[in-house]
Amino acid sequence: MAERTSVILGATSALGQAVARELAARGEALVLIARDAERLSVVAADLGARGATVSSRTCDFDQLIEHAGLIDSIGEADDYWLFYGTLPDQAACERDWEATAAALHTNFTSAASLLTRIANRLEPRGWGSIVVVSSVAGDRGRGSNYVYGAAKGALSLFCQGLRMRLSKHGVQVVTIKPGFIDTPMTAAIEKKPAPLWATPERVAQDMVRARDKGADVRYTPWFWQPIMLIIKSVPERIFKRLSL
Amino acid sequence: MQAPDQVARVPAWIDGEGGARILTDAPARGACSLAYGRGRSYGDSCLNSDGELIDTRALDRFVSFDRDSGWLTAEPGVTLAAILRLIVPAGWFLPVSPGTSHATLGGAIANDVHGKNHHADGSFGRFVERFVLLRSSGQRLVCSADENTELFRATIGGLGLTGLVTQATVRLLPIRSDRMDVRIDRFQGLDAFMALAAERRDTHRYTVAWLDCAASGKAFARGVFLAANHARGDGPLEPAPPGSRLAIPFALPSRLLNRHTIRAFNSVYFARHRPLEGREIEQHYQGFFYPLDAIDRWNRIYGTRGFHQYQFVVPPGQEAALGSILQRIVRSGMGSFLAVLKEFGDLPSPGLLSFPRPGLCLALDFADRGALTETLIRALDDEVRRAGGAAYPAKDRLMTAEAFRAYFPAVDRFARHVDPRFSSDFWRRVHG
């Protein structure tokens, strides 16, 4: 039986590594993509030691010009997983448009560029899945985090439309909306309230399950769905006065 | 366990110059550093309230695993449980297993952990082939028995004070099955324990005894002796699944554990082993090596006040001292369940500050009752010292500088290799 192959875009991120390990444990083959060659080789060695079939490529996702070549260079693959992103400093973004532009570029524009190319490859083929890490932060703009939220919100909308387009061709698009994940990216944030913080391993399991079940949108852990339902339903005139 | 409320940094990478900055920039932040794994040391050797903890949980990658020769190289934050999930299906096992699989590789080196096979194989450090040590100067040093030898010896059992281990290579033990053949005996008194230990020493790779420290009179020093080997025939090679079956949901009332409940628990435990007496049972390695890992946050049975663990070794020929220490514990009425008695062997560790040494080793918990418990532990410390023994830093919060020096005569030689920007609560207490 041919192995199922997954392309991991952002393979050196904490979540990317956790999902890759989960897939490796299921005997799936992996194509790892990240910017930093040295770190990529460390992650590839880890997955190789775990027994996975691994190949890797480097790509600076911010350089949109690299995207076409990257997607072309990848052989036949079943699933594409998009992880990379940055968590910008909101205060810096407020002071400096350049910081805002960079955050929007990495978290939305670059992702949309790659997704377009992946979609155009999968649409005629008629199978496979695209799993995209968005965020609960994209569900509603908040004063404390709206630049990141805007990029992720736009990404969620983009995926929603892409899902409608590709579902008619047998390709599934899964939008993942994680809440707080305890990773090095969020190390500086106080982990309170503790029950809301999930491990990358937990989120990775949910993500793989979402792909296997053909989910459309998956909040992870699950309790973020009711939480965001409440947050989205607060009237704006009250919401704007909250400190969130 | 979650890192305590201390400044904790969680690097995803410690490679290159950028990665080294977590240490080299610490002085600019006015801080000293200490690596923190999963916080499974019971005392304060893994805390650094005056500085920063380098939380190694994201440094959990395997570097290489040679399935033919049984050599494994990994980053320090990999847990022993994660290692077992990788190596058991390939027919390999940890050369030395401490009492929990939630500890990390880095922690196993820093504490030069020992296991039930100390009499046969010695401590964990004997199986560490080499490691890379990142110092606060930004230097990366390959350390082994042939290279940077003194630093190698200082780091094994060095309580994390010599720098940050960025990766380590260990030699694994081949197995043919995930099962253990466990022989069970009950004994009455220390002499009977000694006789059993001598009898099983050469036939069993793993030996350990559970000791009743609540029983007095005729039942004094009774216990259950376990001796085991990895099953010899080809069998299944299934690692334990991640996660625990049970969890203690919240801290139980501290009064739940008193001399009556503990006495009752111990009596039941002793009686329960009667039908197994003299028999050999087959058991998965998880249940044999890591019984407490099945209960998530078992420490909560001690309530919000928590507990002290105390572990010590007395040299051969000092069985009488052990008996007198045990008498004191029984008289105090503070003895816990799960006291563990083990005969250490004479295989030397490369570690300068290594705790395991020939003799008899006893480990037990004391529910924290404030000054009462402290007084008891200090009295035990005095007896251990008089007997020429040592207490285990990984499980200590009360050791004095004087006692530390007596237990670890190589301390001056060790101190020369401590990284000038590394420290811990334990180190400041015992070394100033």
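## Reading a two-chain interface and a few local features

Analyst: Let's start where the chains meet: across the interface of chain B and chain A there are six residue pairs in polar contact, counting pairs with both residues at pLDDT 80 or more. Keep in mind that this is a predicted model.

User: Which element gives the largest share of the side of chain B that touches chain A?

Analyst: That's strand β4 of chain B, residues 62-66, which supplies four residues.

User: And how many salt bridges are there between chain B and chain A?

Analyst: The count is three. One to look up is the pair Asp15(B) and Arg39(A), whose side chains meet at 2.9 Å, N to O.

User: How do I read the size of an interface?

Analyst: It's often given as the accessible area that is lost when the parts come together. Here, chain B and chain A bury about 1400 Å² between them, and 50% of that is on carbon and sulfur atoms. In chain B, the residues losing the most area to chain A are Trp13(B), Arg61(B) and Phe62(B), together 39% of what that side buries. If you'd rather count residues, 17 of chain B are in contact with 15 of chain A.

User: What about the surface: which residues form a nonpolar patch there?

Analyst: Look for Leu87(A), Met185(A) and Ile189(A), with about 240 Å² of accessible area together. Met185(A) sits in the loop between β7 (180-181) and β8 (197-198) of chain A.

User: Now the backbone. Is the peptide bond from Thr220(A) to Pro221(A) cis or trans?

Analyst: That bond is cis, with omega near -10°. You'll find Pro221(A) in the loop between β9 (217-220) and α8 (224-233) of chain A.

User: Which residue other than glycine has a positive phi near 40°?

Analyst: Asp112(B) does. Find Asp112(B) in the loop between α3 (105-110) and α4 (118-121) of chain B. Another case is Ala221(B), with a positive phi of about 60° although it isn't a glycine. Ala221(B) belongs to the loop between β12 (206-211) and β13 (222-230) of chain B.

User: Is Asp112(B) buried or exposed?

Analyst: Buried means under 20% relative accessible area. Asp112(B) comes in at 0%, so it counts as buried.

User: And why does Ala221(B) get the label it has?

Analyst: Because Ala221(B) has 0% relative accessibility, it counts as buried.

Terms used:
Residues are numbered from 1 along each chain as its sequence is written. Chains are lettered from A and ligands numbered from 1 in the order in which they are written. This is a predicted model: local features need pLDDT of at least 70, side-chain atom pairs count only at pLDDT 80 or more; totals for chains, interfaces and linings use all residues. Side-chain values use heavy atoms; hydrogens and water are left out. Patches are made of residues with over 30% relative accessible area and no salt bridge: like charges are joined within 9 Å, nonpolar side chains (Val, Leu, Ile, Met, Phe, Trp, Tyr) within 5 Å. Accessible areas come from the Shrake-Rupley method with a 1.4 Å probe; for residues, only the protein chains shown count as cover. A salt bridge is a side-chain nitrogen of Lys or Arg within 4 Å of a carboxyl oxygen of Asp or Glu. Helices (H or I, at least four residues) and strands (E, at least two) are DSSP runs, numbered from the N terminus. Contact means heavy atoms within 4.5 Å. Buried area is the accessible area (1.4 Å probe) that two parts lose on being put together, summed over both. A polar contact is a pair of N or O atoms within 3.5 Å; within protein, one must be able to donate a hydrogen and the other to accept it, and residues adjacent in sequence count only if both atoms are side-chain atoms. Buried means under 20% relative accessible area, exposed over 50%, partly exposed in between (1.4 Å probe, protein chains only).
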